[in-house]
Amino acid sequence: MKNKDYSLLEIVDIKKSFIGNSVLKGINLKLNQGECLALIGGNGAGKSTLVKIIMSIYKPDSGQIFVNNRKITFSNPSESLNNSIYLVPQEPMLFPNMSLKENVLIGINKNKNDLVQKLENLIKSLGWKLDLDREAKTLTIAEQQLVEILRGLLREANILILDEPTSALTFDEVNSLFKIIKDLKAKGIGLIYITHRLNEVFEIATDVAIMRDGVITINGKVENFSHEMLVEGLLPENKECDNSCEEHIESMEVNYDQPPVFKLDKFSGYGFEDINLEIYPGEILGIAGVVGAGRTELATTIFGLDKVRKGKVYLEGKDITSLPTAKVIQAGINYIPEDRFQNGIFGITNVRNNLTSAYIKKHPSIFTHISDEENITEKYVKDFRVKVTSQEQLMSSLSGGNQQKVIIGRGLSTNPKLLILDEPTRGIDAGVRGDVYKIINYLKKTGVAIMLISSDMEEIVELSDRAMTIFQGRVNRVFSKEEVNGDSLMKASFGVDSADES
């Protein structure tokens with residue numbers, strides 16, 4: 001083993017922008033042998049972009065990377081792998097029709113029998129119970145995560161990047177993973193450990209770095225920081241509003257004496273457990289939390305895209321639990337997804353088809369009423385100030401902000417009683433953000449109930465009548481209008497409550 005201060009990885013003044021948006025603003029980090037660097041930060045802080053640069057998926061605009069004190073210019077991910085850097089991704093990427101064993105061993109050019117024996121010994125040392133011959137498509141999400149971890153460990157990477165590795169693991173599996181991480185540190189392996197769980201930082205990390213808005217706000221040895229100091233490093237700086245700030249939403253009182261329009265009773269699914277909530281007509285319920293907390297999974301399960309494990313969903317007092325998506329829309333719920341490019345837009349067809357697809361699903365007919373589609377499209381294009389040349393313009397040719405307006409219009413075309421908005425302003429500029437806020441305020445005035453999922457704490461504060469935070473799949477705080485503020489939301493999102501700070 002080399003000197004403990006031998007530099008495995010050094011990142012020097014790395015900068016990266018996308019279409020004029022500065023994501024990394026001069027990142028400097030160092031990883032030595034035997035260190036576990038905990039990298040933490042809120043959603044959008046730039047962690048994923050930094051990791052993709054280390055793995056040569058992205059190229060930095062400027063800056064340098066050194067591996068083993070040697071400057072490296074990575075041109076593709078295989079070069080990162082050849083330099084003994086391995087990323088264990090948060091979302092498993094397995095070949096579903098291949099066995100667990102085949103998924104782990106693929107791409108390793110060594111004696112197969114030796115590799116199988118080594119894999120079996122590794123699994124035994126971890127105490128994990130896995131059948132090597134099972135097909136990947138039969139594995140649970142937690143088991144798939146274990147396979148990804150095994151891939152990295154078997155390749156004997158000198159630099160191992162673990163992206164939220166415990167997000168889907170059981171308590172015993174987490175303890176097994178922590179044991180192997182400690183063993184790896186003792187062998188001189190360097191680890192970058194990305195997590196939102198601050199308690200894990202103090203349990204396994206030697207060093208910690210906090211990213212916020214593309215910069216490092218805290219960097220040093222773990223023993224030099226307290227739990228509260230890390231939380232403070234995560235909080236956004238207070239900025240006085242100037243003329244560029246979006247206009248504030250007009251406050252409107254919600255009548256909590258009337259029955260709720262929407263209710264969840266001990267609702268559970270993949271990624272969340274025992275969620276209880278009520279939303280009233282004309283109320284905006286903000287839902288905050290970090291990546292992996294279970295917010296999007298909650299939305300997609302309500303919308304019929306994922307399976308309900310237990311609990312009930314009620315809309316206007318009617319049980320709509322486990323209805324398929326088409327029936328959910330017909331009942332009066334619509335959902336605007338977080339990833340509009342993956343799940344929201346139909347890029348190869350026109351604006352009219354995109355805007356009216358949900359309307360058609362709610363009003364199925366043998367005949368296509370083109371005039372109805374045109375009238376609906378004209379209404380929302382005009383009301384939402386969507387910049388289009390015509391209804392026939394391809395959706396893919398619109399700007400991100402105008403695409404988002406079309407998607408929101410699609411959700412409203414069904415006249416929903418509840419609209420679920422998942423990160424409605426992600427990736428759009430300040431001007432369009434103001435337009436979206438006005439649309440949300442308009443919906444509130446018309447009595448539509450809104451579930452607002454957002455990583456932007458200021459957005460939650462600005463728009464919500466009440467708010468709640470989800471931490472590790474469970475609601476850990478509920479805030480009244482008076483209690484909602486950015487600091488409290490951020491702390492609760494990371495599992496820190498005022499009661500913990502005494």
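1. K16 has a relative accessible area of 12% and is therefore buried (under 20% is buried, over 50% exposed and anything in between partly exposed, with a 1.4 Å probe and protein chains only). The model is predicted, so local features need pLDDT of at least 70 and side-chain atom pairs count only at pLDDT 80 or more, while totals for chains, interfaces and linings use all residues. Residues are numbered from 1 along each chain as its sequence is written, and side-chain values use heavy atoms, with hydrogens and water left out.

2. K16 pairs with D61 in a salt bridge, with 3.9 Å between the closest N and O atoms (a side-chain nitrogen of Lys or Arg within 4 Å of a carboxyl oxygen of Asp or Glu). The two are 45 residues apart: K16 is in strand β1 (residues 7–18), and D61 is in the loop between α1 (47–54) and β4 (62–67). Helices (H or I, at least four residues) and strands (E, at least two) are DSSP runs, numbered from the N terminus. D61 is partly exposed, at 48% relative accessibility.

3. The count of salt bridges is 15. Another one joins D274 and K310, at 3.7 Å from N to O. D274 is in strand β12 (residues 272–279) and K310 in strand β14, so this pair ties together parts 36 residues apart in sequence. Both D274 and K310 belong to a salt-bridge network that also includes E273, R309 and R474.

4. D163, in strand β7 (residues 159–163), is buried but has no salt bridge; K47, the nearest side chain of opposite charge, is 7.2 Å away. For charge, Lys and Arg count as positive and Asp and Glu as negative, with His and the chain ends not counted. Leaving aside residues up to four places away in sequence, D163 touches L87, V88, P89, Q90 and I194 (contact means heavy atoms within 4.5 Å).

5. There are 3 aromatic pairs (rings of Phe, Tyr and Trp, the last by its six-membered ring, with centres within 6.5 Å; planes under 30 degrees apart are stacked, over 60 edge-to-face and the rest tilted). F267 and F272 form a tilted pair, with 5.5 Å between centres and 35 degrees between planes. F267 is buried at 0% relative accessibility, and F272 is buried at 3%. The rings of F303 and Y335 are also tilted, with centres 5.6 Å apart and planes at 55 degrees. F303 is in the loop between α9 (295–302) and β14 (308–315), and Y335, 32 residues away, is in strand β16 (residues 333–336).
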